[in-house]
Structure formats: C-alpha cells, structure tokens
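This briefing is meant for a reader who is meeting the structure for the first time.

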Number of protein chains: 2
Amino acid sequence: MVSERSLDVLRVIVQDYVASREPVGSKSIVERHAFGVSAATIRNDMAVLEEEELITAPHTSSGRIPTDKGYRVFVDQLADLRPLSAPQRQAIETFLGRSADLDEVLGRTVRLLSQLTHQVALVQYPTLGPSRVRHVELVPMSSTRVMSVLITDSGRVDQRMIDLGVPLETEFLGDLRARLNASIDGLGLADAAARLSTFGDQFSASRAPVAGQVAAILSEQVLAGRQDRLVMAGAANLARTEDDFTGSIFPVLEAIEEQVTLLRLFGEMAPDESGFSASIGRENASFGLGETSVLTSGYTASGGDPARLGVLGPIRMDYVGNMAAVRAVAHYLSRLLGDDERSDR
Amino acid sequence: MVSERSLDVLRVIVQDYVASREPVGSKSIVERHAFGVSAATIRNDMAVLEEEELITAPHTSSGRIPTDKGYRVFVDQLADLRPLSAPQRQAIETFLGRSADLDEVLGRTVRLLSQLTHQVALVQYPTLGPSRVRHVELVPMSSTRVMSVLITDSGRVDQRMIDLGVPLETEFLGDLRARLNASIDGLGLADAAARLSTFGDQFSASRAPVAGQVAAILSEQVLAGRQDRLVMAGAANLARTEDDFTGSIFPVLEAIEEQVTLLRLFGEMAPDESGFSASIGRENASFGLGETSVLTSGYTASGGDPARLGVLGPIRMDYVGNMAAVRAVAHYLSRLLGDDERSDR
DNA sequence: ATTGGCAGTCATGTCGGGTGAGTGCCAGTC
DNA sequence: GACTGGCACTCACCCGACATGACTGCCAAT
C-alpha cells in the first residue's frame with residue numbers, strides 16, 4: 001500500500017532528480033527535506049514505491065530515479081500548480097502585447113513559450129471563427145496553370161495551384177473570376193461550398209469541366225482550415241539537454257522535423273476539463289518520441305475549434321514550471337485572438 | 001616551397017580524413033595510395049604542408065588533419081568536380097519533376113538537397129521577375145485594424161496588418177479599396193509604387209492621413225521581395241555528425257534557428273563566375289558558425305535577381321559530393337522556375 | 001631528392017586497488 | 001505496528017601503473 005508519506009517521497013524524488021540530474025538516495029532526502037523520520041524509514045517507503053514501479057534504481061546500490069509511471073503520478077496528483085512569477089507574466093504581456101498579423105502573433109507566441117520553458121515550443125494554427133468569403137482571385141501562372149487565392153474576412157489568405165491540363169484563354173479566366181466572386185462573395189464558408197458544388201453547371205459543355213475543376217479546388221480551400229500546420233521554435237534546447245537522451249538526439253530532431261508526426265500526436269492527446277494534457281515518455285513511443293514528454297494546452301481563436309500549443313522536451317523536465325507556462329500562454333493567446341474578433345464591427 | 005606532390009598529399013589527407021574521421025599518418029598514405037615513394041618522403045612533404053599551415057597534428061606523434069586553410073586550398077584547387085551519380089540525377093528529376101506552388105517547389109527542393117547531402121539544406125526565397133499588380137484587397141480585422149493583401153500576376157501573395165489607430169467606417173474602406181484597385185491594378189511594381197506615393201492627395205483633409213498610411217504600407221508591400229525568408233530542412237543531420245563539433249551542437253542549432261543570421265551569411269558570400277561559393281570554418285565565425293562550412297550556389301527565377309541555396313555542415317564534410325549536389329540542384333531549380341515563365345502566355 | 005632506421009612522444013586501453021554513496025536487512029525500541 | 005540504528009554488501013567511479021602501438025623527426029647513407 002502506498003502511504004501518504006510515500007507519495008511525498010515520490011514528489012521530492014522527482015523534484016530533486018529533475019533539479020540535480022542525479023539519482024537521489026534516502027540520506028540526501030532526509031537532509032534536504034524535513035520529513036521528521038530517519039533515512040531507514042525513507043528506505044522502506046522507497047521499497048514500496050519501487051514495488052509499484054514508480055521509481056527505479058539505475059544499478060544496485062545507487063539512488064533512485066522516477067520511472068515514466070512515476071512522472072505520470074507526479075503530474076496527475078502531485079504537481080501543485082504554481083502561478084507564474086511576476087517577471088514571467090510581465091514577459092508574456094510585453095511579448096504578446098500588441099497584436100498583429102496571425103502569422104506574426106503565432107511566431108511570437110512560439111518563441112515566447114520556448115524562452116519561458118527552455119524547451120521546444122509548438123503552436124498549431126487555429127481554425128478561425130465563422131467567416132465569410134471576401135474575395136477570390138485567379139492568377140494565370142502559365143498557359144495551363146492558375147493560382148487561386150481565397151481571402152476571408154477573418155484574415156485568412158489561402159493560395160493554391162491548379163493545373164488544368166488544357167490551355168486557358170485570358171477572357172474565359174476573367175469571366176470565371178467575375179462569376180466566382182459574384183456567386184460566393186460575402187457568403188459564409190459552408191454556404192459558399194454548397195454554391196460551388198453546382199458552379200460548373202452554368203457553363204457550356206466545353207467549358208464546364210474546367211469551371212468545375214476550379215470550383216472543386218476552391219471548395220477545398222473554403223473548407224480547409226489551417227490546423228494542418230504548426231510553428232516551432234527552440235529546437236536548439238534539445239541540444240542543451242542532450243545528456244537526457246540515450247545515445248543521440250538525432251532521432252528526436254528527426255521526428256520533430258516531421259510536422260505530420262507532431263500533428264498526429266497533438267490530435268491524439270486527451271485533454272482534461274481545463275484543456276490541458278501531458279504525454280510522458282514511452283506514451284509517445286509510437287511517434288518516435290519515447291524519450292520525450294509533451295505538455296499541451298488547448299486554445300481557441302474566437303469561435304473556431306480548439307487548437308493546441310505546448311512544449312516538448314526530455315522526460316526529465318521541470319513539469320511544474322512548464323505546465324504553468326503552457327497554461328498561461330494558451331490562456332493569453334486565447335484572449336488575444338478572441339479580443340480581435342470581439343472588438344470587431 | 002610546396003611541390004606538386006605535396007598538394008597531392010594534401011588532397012589525400014583531406015579525402016582520407018573526411019572518410020575516416022581519423023588523423024592520417026604517412027604510413028597509411030603510402031599503403032592506400034600509389035605514390036611510388038616511401039613513407040619518409042611523405043613525411044617530408046607533410047612537414048612542408050605543416051609549415052604552410054595547411055595541415056596540423058592534433059598532438060605530437062599522431063597523424064595530421066587539414067586546417068581550415070587546408071580545406072580552403074582543397075576546395076579552391078584540388079576538388080575535381082565529379083558529376084552526380086545516375087541515381088542522384090534520377091532523384092532530382094523525380095523529386096522536382098512536376099512543378100506546383102512556389103512554396104511547395106522550394107519545400108521539395110530543400111528536402112531533396114538535405115537528403116542528397118545529408119546536411120542541413122537552405123533555400124532562400126527568390127525574387128520573381130518583373131510582375132504587375134493583380135489585385136489589392138483590404139480586410140477589416142477590428143474597428144481600427146485592416147489587413148492588406150497584395151496579389152501580383154507572378155503569383156506572389158503578400159499580406160500585412162495595418163493598425164490605423166482610429167476607427168474606420170466600412171463605406172470609406174470600400175471606397176479606399178475601389179480607388180486603390182483602380183489606380184494601381186495592372187501596373188508594374190515600380191510604377192505602382194510611384195502612383196501610391198501621391199495616392200493620399202485625392203482625399204479630403206480628414207481622410208488623407210488614413211489613406212496615406214494605407215498607401216505607404218501597400219507601397220512597402222509592392223517593393224518588398226521575399227528574399228528575406230528562407231526554408232530549411234535536415235537540421236537533424238547536425239546531430240548525426242555531432243562528434244565533429246567541440247562540445248555541443250547547441251550553439252550551431254541556435255545560430256541556424258536565427259534566419260536573419262543565415263540571410264546575412266548568404267548575403268556576404270562572394271560567388272565565383274559560376275555562382276558557386278564556399279565559406280569554411282572560421283570564415284563563418286562572425287555568424288556563430290565557426291565550426292561549420294557553408295556551400296552555396298546562386299539560382300534565379302525567370303528574370304528576378306539571383307537568390308541562393310546551399311548546405312551547411314561540419315567542416316569535415318564531403319566537399320566534392322556536396323558541391324556537386326548544390327550546383328546540380330541550383331541548376332535544376334533555375335530551370336524549373338525559369339521554364340514556368342517561358343511557357344507563359 | 002629519397003630512403004631506411006631508430007629513438008622519442010603520446011593517446012589509448014587495461015588492470016587492480018581504494019573510496020564512498022547507497023541499499024537491504026535485522027534486531028531492537030517506542 | 002511503525003520507526004530506528006547498525007552493519008554487511010554491492011557497485012560505479014577515480015586513480016596510478018603499465019603495456020601497446022601509431023606516429024613523427026632526424027640522420028646518415030644512397
């Protein structure tokens with residue numbers, strides 16, 4: 001049975017090990033923390049924790065270090081949310097203070113988070129709230145290829161290349177552009193997609209295929225969010241904590257260069273009621289990230305679906321501090337991206 | 001005096017050291033290469049090379065390794081351009097084969113180059129050729145902020161946030177948009193910028209400041225290239241060759257995360273007549289990259305100014321192979337981005 | 001100019017002993 | 001029953017000694 005004190009012991013083992021990077025023994029525990037019992041008693045508690053696979057000894061007769069499971073218990077039960085320090089709040093305020101372009105806001109956010117936590121920071125692009133089509137532009141790139149640009153009034157700009165396979169006359173292109181704008185300008189995105197599905201019908205048989213093709217691509221653009229992208233910063237921090245990885249950081253760097261992997265990981269995280277979620281060590285093994293932990297929190301941009309942001313680092317990380325930073329940044333970002341819209345016309 | 005044979009010795013020292021990562025001694029040279037002289041003779045040659053600071057001994061009585069200066073001589077005089085292998089050419093063809101969106105082409109290019117060389121690959125965005133304004137869109141983001149989107153017929157889409165500081169009525173915004181498009185649509189970029197500089201004059205005194213502000217930002221957009229951006233791939237390769245860096249790869253990763261640094265580095269490279277340029281070891285020290293070498297080649301997108309692409313890796317790298325790959329990829333990319341326009345309307 | 005020979009240097013690997021941190025267990029105490 | 005002090009035992013780690021081997025630099029001979 002794991003007593004209350006045993007869990008306290010686990011807590012200090014995690015804390016001390018994270019701070020010192022050295023296995024922590026019974027003696028150093030009684031020295032550094034006022035447990036009011038002797039080292040032998042702590043040893044008994046440690047035996048229980050080892051029984052439960054919450055801690056382990058790297059080799060006979062050395063101190064103990066937490067297992068993945070131990071970290072998990074620590075994160076779930078033992079980490080008391082400590083509010084950010086004043087300078088940290090300050091940093092967030094000033095860094096995210098003035099708003100700007102979405103790209104820039106996210107860029108600043110991800111750099112901020114990485115500096116705050118000294119880990120790799122990740123921010124997924126948000127879906128924006130219900131918005132309307134503002135303008136559609138078709139730009140000829142070569143005789144058979146056209147770039148379509150969709151602008152919505154939420155500020156999203158989405159470009160895509162269309163290869164029609166057949167040459168296109170300039171007049172027809174102009175006609176297409178005018179008709180497209182006439183039919184979907186100002187419409188909500190769902191309505192626009194519906195309208196586009198029958199767009200090709202108004203053209204002559206010879207032209208309908210091309211018009212239909214363009215409408216189909218545009219329809220994709222209308223419906224596509226940007227949640228399939230994320231920005232990253234602070235990869236260098238992995239090198240700083242290099243010793244926490246067995247062998248090399250090569251596989252870790254390789255895995256995080258693959259955005260698809262990270263997005264899948266984000267997608268599979270199961271947030272608690274506050275939107276927070278942690279994934280520790282081998283829980284990430286299927287993503288090639290079994291030697292890392294990932295802390296994420298959800299955030300929303302005014303009315304859109306929740307997106308996620310977070311940090312990735314070695315299992316031996318400062319969970320308490322990093323959790324606080326991730327939560328706080330997610331909170332501020334939601335507010336920032338929310339306010340943009342609320343103060344709207 | 002450095003004899004002809006001395007330079008041959010330098011060549012094999014570079015080659016063998018790059019391949020084996022171990023200091024190379026006189027004996028192994030006569031064993032592995034048919035010099036027709038004895039080890040003692042090679043030793044004499046090596047003494048000359050050491051005198052010239054082209055090679056150095058890590059410690060008394062061990063083999064020699066090239067100095068930065070030695071690599072420089074190797075690259076400038078001794079590296080015979082070896083054409084790419086058939087599979088490599090094949091890879092380039094298939095990878096870059098079908099063209100698409102500029103973002104996608106550059107993304108594929110940078111991944112290709114990193115796989116070909118097993119180094120960090122870098123591609124700077126090109127300036128596109130002379131192009132015309134296709135459309136200007138103003139999207140209200142909040143009561144005082146507007147996003148301006150510029151689309152040119154070369155396919156560039158540039159968005160920027162404008163904070164006007166004062167509330168803006170919707171009708172005025174519509175009026176602005178219409179007048180902007182009327183005055184610069186279809187114009188070449190230089191002409192458009194000129195027109196924009198006096199754009200504010202046509203408005204009443206109360207509105208001129210706002211109109212002028214918008215015109216000024218738009219003018220910046222019109223003139224801005226995208227050469228201030230670059231894409232990167234293969235950062236993980238640095239970890240693979242970790243041992244080639246004294247201490248940690250942390251400072252290197254940190255430096256390459258700073259795009260500004262890399263762009264400055266690109267800017268200061270002095271290409272030879274073929275557009276190629278190498279910067280070795282301490283030559284990069286001012287960028288925090290004194291332990292790396294950078295190989296770049298210029299490329300152009302139909303009519304634009306030359307941009308650069310290249311690889312970055314440890315000083316001890318396969319210069320011959322990487323130089324060939326960089327040259328070849330630059331060549332193919334130029335052709336790809338050039339053809340797009342030549343087959344244009 | 002080239003060569004063979006030889007003494008000298010130095011990194012590397014191995015082995016053994018000493019050290020110390022830390023555990024597990026047990027008998028005794030509260 | 002929970003806690004404690006004591007003790008034997010286990011290893012990782014450090015250190016010095018020693019052997020090994022790969023080189024070089026130099027010199028006299030060709």
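What follows describes a predicted model, beginning with the DNA and then turning to the protein chains.

**The surface near DNA strand C**

- DNA strand C is surrounded by 22 residues, and the closest of these are Gly25(A), Val37(B), Thr41(B), Thr60(B) and Ser61(B).
- Two or more residues of this surface come from each of the elements α2 (26–32) and α3 (39–51) of chain A and α3 (39–51) of chain B, and it is α3(A) that gives the most, with 4 residues.
- By type, the residues of the surface near DNA strand C divide into 13 polar, 6 nonpolar and 3 charged.

**The contact between chain A and chain B**

- Chain A gives 35 residues to the contact, and chain B likewise gives 35 residues.
- On the side of chain B that touches chain A, at least two residues each are supplied by β4 (133–140), β5 (145–152), β6 (157–163), α10 (236–240) and α11 (250–257) of chain B, with the largest share, 5 residues, coming from β4(B).
- The residues on that side of chain B divide into 15 nonpolar, 12 charged and 8 polar.

**How the two copies are related**

- The same surface serves both copies, since 100% of the contact residues of chain B recur in chain A.

Key:
Residues are numbered from 1 along each chain as its sequence is written. Chains are lettered from A and ligands numbered from 1 in the order in which they are written. This is a predicted model: local features need pLDDT of at least 70, side-chain atom pairs count only at pLDDT 80 or more; totals for chains, interfaces and linings use all residues. A residue is near a molecule or strand if its C-beta atom, placed from the backbone, lies within 6 Å of it. Ala, Val, Leu, Ile, Met, Phe, Trp, Tyr, Cys and Pro count as nonpolar, Asp, Glu, Lys and Arg as charged, and the others, Gly among them, as polar. Two residues are in contact if their C-beta atoms, placed from the backbone, lie within 7 Å.
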